[in-house]
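Subject: A structure for you to look at

Hi there,

Here is the structure I promised to pass on. Have a look through it first, and then read my notes below.

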Amino acid sequence: MKKFLIFLLLSHQLIFAQDSASPTSNLIISGIPSIPDTIAESIRPYSEFRSGVFCDWHPKRQEMLISTRFGNVPQIHLVSMPLGARKQLTFSNEPITNASYEPIRGDYFLFTKDVGGNEFSQIYRYNLSDGSIALLTDGKRSQNGGIAWSRKGKRVAYSSTARNGTDRDIYLMDPLDTSSKKLLLEVNGGGWAVIDWSPDDKQLLVSEEISANESHYWLVDIATGTKKELTAPGEKGVYYGQAKFNKSGTGIYFLTDKDSEFSRFAFLDLLTKNITYYTSSINWDVTTFDVAEDGKRIAFIANEGGISKLYLINTTTPSQQYFLIRTIPAGVYANLSFHKDSKHLLVSVNTAQNPADLYVISTSNGKTERWTESEMGGIAPGALRSADLVKWKSFDGKEISGFYYKPAAKFTGKRPIIINIHGGPEGQSLPVFQGANNFYLNELGVAMIYPNVRGSSGYGKTFLKADNGMKREESVKDIGALLDWVAQQPELDASRIMVMGGSYGGYMTLAVAANYNDKIRCALDVVGISNFNTFLKNTESYRRDLRRVEYGDERDTAMAAYFEKIAPYNNSDKIKKPLFIVQGGNDPRVPRTESVQMADKLRSGGTTVWYLEANDEGHGFRKKNNIDFQRNATVLFMKNYLLDGL
């Protein structure tokens, strides 16, 4: 839940173009002129690509479930061999991006799905024998997910807000018998999640997340429902992430930034409470790991300045030292997973030249096989440039970095630039495949920079906390320093800068537009926060306390006054450059009211505003037809206001 949240609208793996630039009836449009069909036609070669997202291994066979898109939204597919055909299994009108096999026989799998991006996900069972689907949860306005299977495969534990819509309680259920559903642990707060079952199925390891900087582990007794804190009671400012019991159940492997700037891979002996740290010599975050079923090998990924490194530990050797795996392409790695046979390790690889695809490494001989090769439409990998890591000093001397994508070499002279700010705020921009954004680089000659301002993950916990509370505008100043850096680059046109971002990146976009109006040409705000006071009042209750730790508590009068002072809504008179606002009508995180009030206020002051809202989307667009129109409108917006006269 912590560090690598991906804002769906800006996810490069979900952006495609449509055949027509005409809007559909589900879109609310204001201020956007008619879009020529030629725009959609010109983008199409850059838009018809896919990616392979790993879901789960079959427990007995060498085959896997993946999520990929062939229609309007991603669905679950079966892949039975390396580079084998993708057999589509689900055919929903809503995206399905996760699936989990019953872990013993693999006769069925579970998945979650919401409606219209409202994030009230329900759990479903898919029977492989006949393709039938059964709803397992209440189907109401509750959020259900975080499924963890018992070792015997008879039950699942999961979290749900079904009791009151706010607190994320822990439930047990036999997926073949919904009447078995049982509330195991009643909690306070929306940050609770199931991590793992003990090998004897008698205990659950549960996480309580307080913020991006603090969390706690608890052991829950299955028979009684009582919980015992596993981490130090009252411990503050320490984050505990992914965890898993060892094979004997005598300890847990886990990730933590305890006594360190970075997240380390570690082991806790449950009897002695002694902690062994494996990766202290790696001064970067370890982001994920997996333990083989036989317990003999452990794989982990380190995020080393935005580039992933994959390491393997042999637990049977006395030193248990890790070594680097070099048989897979360099890039950004994710979805690390051992097959139950303990002999095959899967990893997802994403690069600037290729979308995310899946590779499997044999742990016995190191042989690596590619399992998916996703289509790239009309994009030639050789025509795509890798990103450059760039750095600049901010107002206080702090070093800030980002990834810089240069336009195609055929473009000469000073080039316009897009500054694209990630959300989270504890997200991190990485040098990944740009999807349809490659159209900006290769056909419009627009450069792109993805900054990682203070508050981003991946650079240590001090950096992560550097924008909290009343330090919020210091991250905005990091973008101000980037604007100055752009002006010093001989190949970039500082008079043609467009700033954009989604979610928290949308707030940053609005704040930059207000604070640096004279240094930008236009801006694109996607589901952005326009006033933290109104945002915290209207965001879903299960998220509110988690966000208060990051942004500040609006119930405190001094904090509320600070929010009013920095609110883009209250500084709208400073925004004179054209602004494009995109919003999902069902967004539970940043409600549509944040965008509506901002658009109305700007228009009343005479600022040019384009407004696009989809009534079947939530926190970012996920459906092809909606993404298509948003992309086409964005290109028209750029041609009118960023590239006019060029």
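Alanine 523 stands opposite leucine 579, a residue of strand 36. Before going on, please keep in mind that this is a predicted model, in which local features need pLDDT of at least 70 and side-chain atom pairs count only at pLDDT 80 or more, while totals for chains, interfaces and linings use all residues. Residues are numbered from 1 along each chain as its sequence is written, and side-chain values use heavy atoms, with hydrogens and water left out.

Helices (H or I, at least four residues) and strands (E, at least two) are DSSP runs, numbered from the N terminus. Two strands pair if DSSP finds at least two bridges between them.

**Strand 36 and its partners**

Strand 35 (residues 522-526) runs parallel to strand 36, and four bridges join them. Strand 36 (residues 579-584) also pairs with strand 37 (residues 609-614), again in the parallel sense, over six bridges. Here phenylalanine 580 has tryptophan 610 of strand 37 as its bridge partner.

How many residues of strand 36 are buried? Six of its six residues are, where buried means under 20% relative accessible area, exposed means over 50%, and partly exposed is in between (1.4 Å probe, protein chains only). In a regular strand the side chains alternate between the two faces of the sheet. In strand 36, Leu579, Ile581 and Gln583 point one way, while Phe580, Val582 and Gly584 point the other way, and all are buried.

Four strands make up an open sheet with antiparallel pairing, in the order 10-11-12-13. Strand 10 (144-149) and strand 13 (177-185) are at its edges with a single partner strand each, so one side of each has no neighbour in the sheet. On average, neighbouring strands of this sheet are turned by 30° against each other, direction ignored. Inside the sheet, strand 11 (residues 156-160) and strand 12 (residues 169-174) run antiparallel and are joined by five bridges. Serine 160 is opposite aspartate 169 of strand 12.

Serine 150 sits in the loop between strand 10 and strand 11. With 4% relative accessibility, serine 150 counts as buried. Leaving aside neighbours within four places in sequence, serine 150 is in contact (heavy atoms within 4.5 Å) with Pro103, Arg155, Trp197 and Asp201. Serine 150 and aspartate 201 are 51 residues apart in sequence, yet 6.1 Å apart in space, C-alpha to C-alpha.

**Two helix pairs**

Two packed helices are described by the angle between their axes and the distance between the axes. Axes are lines fitted to C-alpha atoms, for helices over the stretch in contact, and angles run from 0 to 180 degrees between N-to-C directions.

Helix 1 (residues 37-47) packs against helix 10 (residues 624-641) at an angle of about 110°, and their axes are 10 Å apart. Helix 1 and helix 10 are therefore roughly perpendicular to each other (angles under 35 degrees count as roughly parallel, over 145 as roughly antiparallel, 65 to 115 as roughly perpendicular and the rest as oblique). Ile39, Ala40 and Ile43 of helix 1 make the contact with Arg631, Asn632, Val635, Leu636 and Lys639 of helix 10.

The axes of helix 4 (residues 472-487) and helix 5 (residues 504-515) come within 10 Å and cross at roughly 70°. Helix 4 and helix 5 are therefore roughly perpendicular as well. On the helix 4 side the contact is made by Arg472, Glu473, Ser475, Val476 and Ile479, and on the helix 5 side by Tyr504, Tyr507, Met508, Ala511, Val512 and Asn515.

**Some backbone details**

Most residues other than glycine have a negative phi, and most peptide bonds are trans. Which peptide bond is cis, with omega near 5°? The bond from glycine 424 to proline 425 is, and proline 425 is found in the loop between strand 32 (415-421) and helix 2 (438-442). Serine 429 lies in the loop between strand 32 and helix 2 too, and counts as buried at 7% relative accessibility.

Glutamate 119 is not a glycine, but has a positive phi of about 65°. Its relative accessibility of 15% makes glutamate 119 buried. Lysine 273, also not a glycine, has a positive phi of about 70°, and is partly exposed with a relative accessible area of 45%.

Enjoy exploring!

Best wishes
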